[in-house]
Amino acid sequence: MILDVKIENSLTESILVGIEDRNLLVFKTHFGFPVSINQSKIFVDTDESNRLLLENIFKTLINLAENKVRLTERDVLYVIKMAESNKLDNIVDLYKNQKRILTNESGKGIYPKTFNQKIYSDALLKYPLVFGIGPAGTGKTYLAVAHAVSALKLGKVKRLILTRPAVEAGESLGFLPGDLKEKVDPYLIPLYDALYEFLGAVETNLLLEKGIIEVAPLAYMRGRTLENAFVILDEAQNTTTTQMKMFLTRLGFSSVMVVTGDPTQIDLGYKKESGLKDALNLVKDINDIKIVNFDKIDVIRHPLVQKIIEKYENQELK
């Protein structure tokens, strides 16, 4: 089947195809049938029942390419998912009006890539306390760290404090080898990874040594008032109610506090209530607190992650 969609020039075609045809391979992974482009024509190995959906997808992708959006596999997947949900309205404006959060160590601009990411990104600039709630792969922690690094570079805050609960999946720190830092560092690797991407390893380690950036287990927050700081609590679903109360009451003046987590992935022991679930219920009506809910359509990892999430959700419903 040849789609009734016009590609105006070779540059647009090159953007659509992507490096080594990777953008087109997203269709094979997601739908199960191949897509190819030859002489400005789009060929799809499927029946007529998919024509309208595919034409809407490619019209949107072409529009983005013509507006100089350098499409990646993630962008293509997001357009596909939005088309399937009949939510393509304003998606071109989302990309055209992107506000760069910062430029990372390799010179790449960091932007919100989905509608919920934009809501979240805007909230991080406006509210002193923001909750980012949703499944893995939606960019909750990634964007929070990006905003934290940007705020530090712009002089809006003096310190970055990144923390997570140190006990997960039933493991006890007491049985792990090494001193306290060696015991908790494995739990904090995702936070280090984000810092390394945005600042580079050398600058990150220098700022860690100076105490300007602190990556620490949640227990280290007790008894402190965190002023002039950008504070991120990651994996908050694994806090107890006592820990969450302790953390939220650390908020000081001229600070931003971000809490990220997925209430469906709680690793606490039997009969322990999640501090995240409790806090969301308690603070939902308080002004100056923003709760941003992500869902599976915001997952921007490999297309297979989306399918895995759906399989687990379907299994839980049985």
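How many salt bridges does the structure hold? The structure holds eight salt bridges, a salt bridge being a side-chain nitrogen of Lys or Arg within 4 Å of a carboxyl oxygen of Asp or Glu. This is a predicted model, in which local features need pLDDT of at least 70, side-chain atom pairs count only at pLDDT 80 or more, and totals for chains, interfaces and linings use all residues. Residues are numbered from 1 along each chain as its sequence is written, and side-chain values use heavy atoms, with hydrogens and water left out. Side chains of opposite charge can pair when their charged atoms come close.

- Helix H1 covers residues 10-17; helices (H or I, at least four residues) and strands (E, at least two) are DSSP runs, numbered from the N terminus.
- Within H1, the residues Thr-12, Glu-13, Ile-15, Leu-16 and Val-17 are buried; buried means under 20% relative accessible area, exposed over 50%, and partly exposed in between (1.4 Å probe, protein chains only).
- The cover over the buried residues of H1 includes helix H2 (22-31), strand E1 (35-38) and helix H3 (51-66).
- At the start of H1, a side-chain oxygen of Asn-9 comes to within 3.1 Å of the backbone nitrogen of Leu-11.
- Just after H1, Gly-18 adopts a positive phi of about 80 degrees.

**A salt bridge within one helix**

- Lys-118 and Asp-122 form a salt bridge through their side chains (3.0 Å, N to O).
- Because Lys-118 and Asp-122 lie four residues apart in helix H6 (residues 115-126), about one helical turn separates them.
- Lys-118 is partly exposed, with a relative accessible area of 31%, and Asp-122 is also partly exposed, at 33%.

**Salt bridges between distant parts of the chain**

- Arg-164 and Asp-234 form a salt bridge in which the closest N and O atoms are 3.2 Å apart.
- This pair links distant parts of the chain, 70 residues apart: Arg-164 belongs to strand E6 (residues 159-164), while Asp-234 lies in the loop between strand E8 (229-233) and helix H11 (241-248).
- Arg-164 is buried, with a relative accessible area of 6%, and Asp-234 is buried as well, at 5%.
- Another salt bridge joins the side chains of Arg-224 and Glu-214 (2.9 Å, N to O).
- Here too the pair links distant parts of the chain, 10 residues apart, with Glu-214 in strand E7 (213-217) and Arg-224 in the loop between E7 and E8.
- Arg-224 counts as partly exposed at 22% relative accessibility, whereas Glu-214 is buried at 18%.

Note on methods
Contact means heavy atoms within 4.5 Å. A polar contact is a pair of N or O atoms within 3.5 Å; within protein, one must be able to donate a hydrogen and the other to accept it, and residues adjacent in sequence count only if both atoms are side-chain atoms.
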